[in-house]
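Please read them with the coordinates open.

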Amino acid sequence: MTRTITVGLDGSPASLAAVDWAAHEAQLRDLPLRLVTAWEWQAPAFAPATGLGVPVPPSDLQRASAQHLLAQARARVDEALPGLRIDTDEIPGLPVQALLKAAEDAALLVLGSRGLSKTAGYLLGSVSQAVLASCERPVVLVRAAEHGEEEAPETSAREVSAVSGHRDVVLGLDLDKPSDAVIDFAFDAASRRAARLRIIHGWTLPPYYYGGALMPDLNDGLVKQVRSELSDVLRPWQDRYPAVEVHAQATIGGAGRHLVDASYDAALVVVGRRTRRAAVGAHIGPVTQALLHHAVAPVAVISHD
């Protein structure tokens, strides 16, 4: 079965931004684009007879609205990227279950996130969060620029690939339990974009922290150890993707703030989410949660065991 780049539509500006991003991703990967929208079926509720014609069941109105939304999105993509294969599907049912079902055959599920402001970040809606917490396929959340909001700052020479000049792909890497799926996704994304891969790892100070500073010899040893671990983890992937320029950095403390800062000049930020099947509720993780609420660039969340 051919995988697709699947994008969920609800008619919001954010979902249209998701369509635009997904269409370009489909072109990059040479995959079909699948546009889906969910409509909740309800039992027909007919109005009293008034002699003004036959009343229409609400479910029929909802389906017609879904079809119109898909047609508009398809026309939008056809105009921007003529020749791209596009499939459309309106799915009866609740949005979360419909999107999770649609994601089963997808290489990637793309959703929109509503913007609030540059300082407040964006609101991760209840549907997006529920899908993200349960989806086993990679999920990308795309923010739409709000009216009057400034664009992300111009990318400086320090923050672009020396070869292509494209914006970085940024990877938040957990050295305690590095995931092959997350790392491979980030390297592949950077390779397809001819972009630099910027890797950020946050690490915690050990107990021998005295009065705000480590003893110099311990400090040097810890830095060397973390750098060595980064090199060991990344080496197989650098061998697999030799054309990808890699810049790795280890930061003391949580990586969330550094990933948010990096998102202002990134093409894509990639993070992992550990799969928790038995626990109840959304388990996205504090770093990923902070990133989803404040990042500017699209955020790819890769589920892994």
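In which sense do strands β6 and β11 pair, and over how many bridges?

1. Pairing of β11. Strand β6 (residues 139-143) pairs with β11 in the antiparallel sense, over three bridges. Two strands are taken to pair if DSSP finds at least two bridges between them. Val139 has Val301 as its bridge partner in β11. Strand β10 (residues 266-274) also pairs with β11, here in the parallel sense and over six bridges. Val271 is the residue opposite Val301 in β11.

2. Basis of the comments. This is a predicted model, in which local features need pLDDT of at least 70 and side-chain atom pairs count only at pLDDT 80 or more, while totals for chains, interfaces and linings use all residues. Residues are numbered from 1 along each chain as its sequence is written, and side-chain values use heavy atoms, with hydrogens and water left out.

3. Overall content. The chain has eight helices and eleven strands. These are DSSP runs numbered from the N terminus (helices: H or I, at least four residues; strands: E, at least two). Of the 305 residues, 44% count as buried, where buried means under 20% relative accessible area, exposed over 50%, and partly exposed in between (1.4 Å probe, protein chains only). Among contacts (heavy atoms within 4.5 Å) between residues at least 6 apart in sequence, 78% join residues at least 24 apart.

4. Burial of β11. Six of the six residues of strand β11 (residues 299-304) are buried. Val299, Val301 and Ser303 point one way from the strand, and Ala300, Ile302 and His304 point the other way. In a regular strand the side chains alternate between the two faces of the sheet.

5. Leu132. This residue lies in helix α4 (residues 126-134). Leu132 counts as buried because its relative accessibility is 1%. Leaving aside neighbours within four places in sequence, Leu132 is in contact with Val139, Leu141, Arg273, Ile284, Leu292 and Val301. Leu132 and Val301 are 169 residues apart along the chain, and their C-alpha atoms are separated by 7.8 Å.

6. Nonpolar cores. A core here is a set of buried Ala, Val, Leu, Ile, Met, Phe, Trp, Tyr and Cys residues joined through side-chain atoms within 4.5 Å. The largest one has 53 residues, of which Leu33, Val110 and Val270 touch the most other members. Helix α1 (residues 13-29) supplies the largest share of this core, eight residues. A second, separate core of 30 residues includes Ile200, Leu259, Ala262 and Val299.

7. Helix α3. In α3 (residues 95-103) the buried residues are Val96, Ala98, Leu99, Ala102 and Ala103. They cover an arc of only 165° around the axis, so they sit on the same side of α3. The arc is that of the directions from the helix axis to the C-beta atoms.

8. Aromatic pair. Rings of Phe, Tyr and Trp (its six-membered ring) pair if their centres lie within 6.5 Å; planes under 30 degrees apart count as stacked, over 60 as edge-to-face and the rest as tilted. The count by this rule is one aromatic pair. The ring centres of Phe187 and Tyr241 are 5.6 Å apart and the planes are at 25°, so the pair is stacked. Phe187 is in helix α5 (residues 180-193) and Tyr241 in the loop between α6 (216-240) and β9 (246-252), 54 residues apart. Both Phe187 and Tyr241 are buried.
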